[in-house]
Amino acid sequence: MANVITLFRREFSSFFATPVAYVFILIFLMLSGVFSFYIGNLYERGQADLLPFFNFHPWLYLFLVPAIAMRSWSEERKSGTIELLMTLPVSIFEIMLGKFLAAWAVLGLALLLTFPLWLTVNYLGNPDNGIIIAAYLGSWLMAGAFLAIGICMSALTKSQVVAFILAVVVCFVFVLSGSSIVLDAFTGWLSPLLLDTLASFSFLTHFESMAKGVIALDDVGYFVIVIGIWLYAGLLAVEQKKAE
């Protein structure tokens, strides 16, 4: 665990040693505000909640999280520092976990910095803060799922651009599979059981209930399992590249 903490600190510091974290947080805060107030009509709805704010998170993460994940392994491989990293007395699992937790912490920090929105709705009305806390938790878990996919794609290639594109495509599939567009397209072709199975793979399906304040074990478990599977896949990719 000590190695993971050391690697976490190294990775977390590296985000703020370059403009990466600052740019990510700034863009996230700007787009969150624009989507919430101008597209989500936060004021015009006349309801003291943050649903318009959280509704856009899957689409914000679709492009922003792969952008922050693409450098995790690709940069190490391109700069040649991965050889040095592999000589250290730490396992690849510890390195993977350290990288993931550091990037996840940056995403969590970006979410925390949206607290003025929370204060605003509390000033304007009497929102159910329990629902808002559940939505923040769901959003952070979903961001972790996006991040795990992005890190796995970064482990596959030394090109950050390729890693970004691959991550966006895979994440888009996970988001879109539960959308009404896809489900309506397959209605009549697939049985209700298969439609439910298809929808169950979607980030939207599991996040929407948490955004409404419902913290169900299967929703939390889904995101934890997705994170675990994609980090393990990334681990195998690094092992394979190491063998080559």
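The model is predicted, so local features are given where pLDDT is at least 70, side-chain atom pairs count only at pLDDT 80 or more, and totals for chains, interfaces and linings use all residues. Residues are numbered from 1 along each chain as its sequence is written, and side-chain values use heavy atoms, with hydrogens and water left out.

Let us begin with the helices. Helices here are DSSP runs (H or I, at least four residues), numbered from the N terminus. Two packed helices are described by the angle between their axes and the distance between the axes. Each axis is a line fitted to C-alpha atoms, for helices over the stretch in contact, and angles run from 0 to 180 degrees between N-to-C directions.

Take helix α2 (residues 20-39) and α4: their axes come within 11 Å and cross at roughly 170°. That makes α2 roughly antiparallel to α4, a label used for angles over 145 degrees. On the α2 side, V20, F24, I27, F28, L31, S32 and F35 meet H57, L60, Y61, L64, V65 and I68 of α4, where contact means heavy atoms within 4.5 Å. By class, this contact of α2 with α4 has 11 nonpolar, two polar and no charged residues. In this classing, Ala, Val, Leu, Ile, Met, Phe, Trp, Tyr, Cys and Pro count as nonpolar, Asp, Glu, Lys and Arg as charged, and the others, Gly among them, as polar.

Further along the chain is a second pair. The axes of helix α9 (residues 129-156) and helix α13 (residues 203-211) come within 7 Å, crossing at roughly 160°, and α9 and α13 are therefore roughly antiparallel to each other. From α13, F203, F207, M210 and A211 take part, and they meet residues of α9 including I131, L137, L141, M142, F146 and I149. The contact of α9 with α13 divides into 13 nonpolar, two polar and no charged residues.

Next come the spaces inside the fold. They are found on a 1 Å grid over the protein atoms alone: a cavity is a set of points where a 1.4 Å probe fits but cannot get out, a pocket is an open set with protein on both sides within 12 Å along at least five of seven lines, and lining residues have an atom within 4 Å of a point. Grid points are joined across faces, edges and corners, and a volume is the space filled by probe spheres set on the points.

How many cavities of 30 Å³ or more are there? The count comes to one, and the largest cavity holds about 40 Å³ of space. Its lining consists of E11, F15, I68, A69, R71, S72, K99, A103, L147 and I151. At least two of the lining residues come from each of α1 (2-17), α4 (57-69), α5 (71-79), α7 (92-112) and α9. The lining of this cavity has six nonpolar, one polar and three charged residues.

The largest pocket has a volume of about 180 Å³. Around this pocket are G108, L111, L112, F115, W118, Y136, L137 and W140, with α7, α8 (115-124) and α9 each giving two or more residues to the lining. Seven of these lining residues are nonpolar, one is polar and none is charged.

E11 lies in helix α1 and is buried, with a relative accessible area of 7%; buried means under 20%, exposed over 50%, and partly exposed in between (1.4 Å probe, protein chains only). Not counting residues up to four places away in sequence, E11 touches E76, G98, K99 and A102.

V4 also has its place in helix α1, and V4 is buried at a relative accessible area of 4%. Leaving aside neighbours within four places in sequence, V4 is in contact with E94, L97, G98 and L101. V4 and E94 are 90 residues apart in sequence, yet 5.3 Å apart in space, C-alpha to C-alpha.

Beyond its neighbours within four places in sequence, S177 contacts V182, L183, L198, A199, F201 and S202.

Two other residues are exposed: V173 in helix α10 (residues 160-176), with a relative accessible area of 52%, and W189 in the loop between α11 (180-186) and α12 (192-200), with 73%.

Conventions: Parallel < 35°, antiparallel > 145°, perpendicular 65-115°, else oblique.
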